Amino acid sequence: MRTGDADTIAAIATPLGSGGVGVVRMSGARALAVARQVTRLRRRPTPRYAHLTRVVDAEGALVDEALLLWMPGPRSYTGEDVVELSCHGGPVVLRRVLDCLLAAGAHPAGPGEFTLRAFLNGRMDLAQAEAVADLVAAPTPAAMTVAANQLAGRLSDAVREMRAACVDLLAQLEAEVDFDEDDVPAADRAEVAATLAELDRRLEAALASARRGIVQRHGVRAALVGSPNVGKSSLMNALLSSDRAIVTAVPGTTRDVLEETFELDGAPIVLNDTAGLRATSDPVEHLGVERTARALEGADVAVLVLDASRPLLGNDALAAAQVRRAAAPAIAALNKRDLPQALRPRDAARLLPGAAVVETTALANDVDELRQALRAAIGLAGADGGLAMVASVRHQDALQRARGELASARRAAADGEPSDFISIGVRGAVDALGEITGESATESLLDAIFSKFCIGK
Ligand SMILES: Nc1nc2c(ncn2[C@@H]2O[C@H](COP(=O)(O)OP(=O)(O)OP(=O)(O)O)[C@@H](O)[C@H]2O)c(=O)[nH]1
Ligand SMILES: [Mg+2]
């Protein structure tokens, strides 16, 4: 990865496909020179004003009519000189405009290179840079709002405050080194302990919302499994509020794994409806059963559906065994509650120990208990309803490490250890927190983050 060299880079910034407008952008010291060469713009453009111009190739042939926008650094997205050309949004047009820029001396941008430059030039910190990619890829409005807040600095501000408190603490601990070990004023030690306790509380609060934030951003997979004809497809349709899956009274209706996404508290839930599980000699059905097993393997939550209007059968035990083999948290749904009942919740609990047991009537779209159990199983329940501040595993991991480091500092302080012992943990926390905002980010970390971006961002 090029890091902050003076190359001028260019890329198509809009998706490849036809659209009203497509944008080609450049960043770097020669951005304006290259743009003037391909547009034959005679006068220097006014910063941040749209100029209608023509893009021509090296032979002078017209390529497109475009709006040129010049944003000189450092007040630009990347902190460098940026030029954007808003062209007609056709893939061939945009490709040709880009080729003109490359022929005039620009280099093709790598994935995320514009945002990497913005980070390296101090226009945004690392958490904000990551938020750019999250905002673009947000699967639901809730995930989008979390990313927008992160881009605006909500997470960065909180992390920076905690890191600054740790740095202050280090200074205080270093001052103590001047004292003889036994002469450290007790008041100072009490203050150190209080600061460490307060930091732990703040880290705990940030981590508390992380699981929900991560689920909202990445979503989870849930699989509906069970014997034939128990109402799996009907439950899927009720959860989706649409007639997506075919429902009939014939056992073995669903032959393949169906996949649809619905939203639960802002989190995208990918729902798999599967073929009913039974010992079968029908080769098509047999394949379906194999696919059910695979869907279970990839599931974050497994829902075992039972028909409460009939006693448990061998196939139910077969399905329960499959669910138990999957490591995911399980829910047992007693369906068809509208019919005379042959099953009680405790039968389901015995069949699938440890599972949450809920009652549903898919026929009447009564799936409230199932929704609630799904919330609990994936960590959405009990949330304060507010938006998560942490929505990435990387940030969660760094916060956890910071908390662990401070915990060892607290133990050292409680044991009356010398101040440089306490400092070790505090310094570890400073580093871990700095990985979130980028102060202590290594090149390989930056590579890992920005290589996931799209080109042109
Ligand atoms: N009375 C009643 N009937 C239901 C309920 N849920 C589903 N059914 C009926 O049960 C039958 C089977 O429903 P499906 O949703 O196709 O069951 P399935 O588990 O997907 O079946 P396979 O795909 O064959 O494994 C249909 O006739 C549904 O109308 C319910 O809550 N109450
Ligand atoms: Mg079905």
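Which strands and helices do the buried residues of H3 pack against? The close-ups below come from a predicted model, in which local features need pLDDT of at least 70, side-chain atom pairs count only at pLDDT 80 or more, and totals for chains, interfaces and linings use all residues. Residues are numbered from 1 along each chain as its sequence is written, and side-chain values use heavy atoms, with hydrogens and water left out.

**View 1. Helix H3 and its surroundings.** Helix H3 spans residues 113-120; helices are DSSP runs (H or I) of at least four residues and strands (E) of at least two, numbered from the N terminus. In H3, 7 of the 8 residues are buried (under 20% relative accessible area, 1.4 Å probe, protein chains only). Among them are Phe114, Leu116 and Phe119. The buried residues pack against strands E1 (9-12), E2 (19-27) and E6 (107-108), and against helices H4 (126-137), H15 (419-437) and H16 (443-450). Gly122, with a positive phi near 75°, follows H3.

**View 2. The interface of domain 2 and domain 3.** Domain 2 covers 130-211 + 390-437 and domain 3 covers 220-377; such bounds come from an automatic or database domain assignment. Contact (heavy atoms within 4.5 Å) joins 5 residues of domain 2 to 5 residues of domain 3. The two domains bury about 290 Å² between them, 61% of it on carbon and sulfur atoms; buried area is the accessible area (1.4 Å probe) that two parts lose on being put together, summed over both.

**View 3. Thr140, Ala142 and Arg211 of domain 2.**

Note on methods. Chains lettered and ligands numbered in written order. Buried < 20%, exposed > 50% of the residue type's maximum accessible area, 1.4 Å probe, protein only.
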